[in-house]
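Work through the exercises below with the model open. Try each task before reading its solution.

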Amino acid sequence: MQKVRPVLPDSLTAGNLKEDELFQNMILRPVIKMQHDILILRVKSYFLSQKVVFHIMDKQKRVIAIESAFQNDNPFKKEIQGMILGQLTKEEFKTYLKNERSMNKRIIQMVRNRMLDSLLELT
């Protein structure tokens, strides 16, 4: 699995970073980048199932819809977390478990931001 993950710039791991930040930048970011197309499909499907007419909304309403989904829909957030966690190795998952709550917040925040940066792909 690790061989197919994208390589991110060294600047993300340089300097004095805490263990959580290193895990985020070395493991979570590449996994989220690797899963980008699948995440786009899932978010599109989510809005379709919620009967949100995402493609005719203006940019501001799209942003609100994305933020709302990632803040208020716990089953959706758990599914997104599962999509990322399913790509971890056994050792990476053990590291994740050390600070599960913080890592879950980081995952949701990174995926939400990635979706906000990908508004055109979601339409």
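**Exercise 1.** Decide whether L120 is buried or exposed.

*Solution.* Take the relative accessible area of L120: 74%. Compare it with the cut-offs: buried is under 20%, exposed is over 50%, and partly exposed lies in between (1.4 Å probe, protein chains only). L120 is therefore exposed. Now place the residue: L120 is found in helix α7 (residues 119-122). Helices here are DSSP runs of H or I with at least four residues, numbered from the N terminus.

This is a predicted model: local features need pLDDT of at least 70, side-chain atom pairs count only at pLDDT 80 or more, and totals for chains, interfaces and linings use all residues. Residues are numbered from 1 along each chain as its sequence is written, and side-chain values use heavy atoms, leaving out hydrogens and water.

**Exercise 2.** Work out how α4 and α6 are arranged, and which residues make their contact.

*Solution.* Start with the axes, which are lines fitted to C-alpha atoms over the stretch in contact, with angles from 0 to 180 degrees between N-to-C directions. The axes of α4 (residues 74-85) and α6 (residues 100-116) come within 10 Å and cross at roughly 95°. So α4 is roughly perpendicular to α6 (65 to 115 degrees). Next, list the contact (heavy atoms within 4.5 Å). K77, I80, Q81, I84 and L85 of α4 meet N104, I107, I108 and V111 of α6.

**Exercise 3.** Find which residues I66 contacts beyond four places in sequence.

*Solution.* Set aside the neighbours within four places. I66 then touches F47, F54, R112, M115, L116, L119 and L122.

Definitions and conventions:
Helices (H or I, at least four residues) and strands (E, at least two) are DSSP runs, numbered from the N terminus. Angles under 35 degrees count as roughly parallel, over 145 as roughly antiparallel, 65 to 115 as roughly perpendicular and the rest as oblique.
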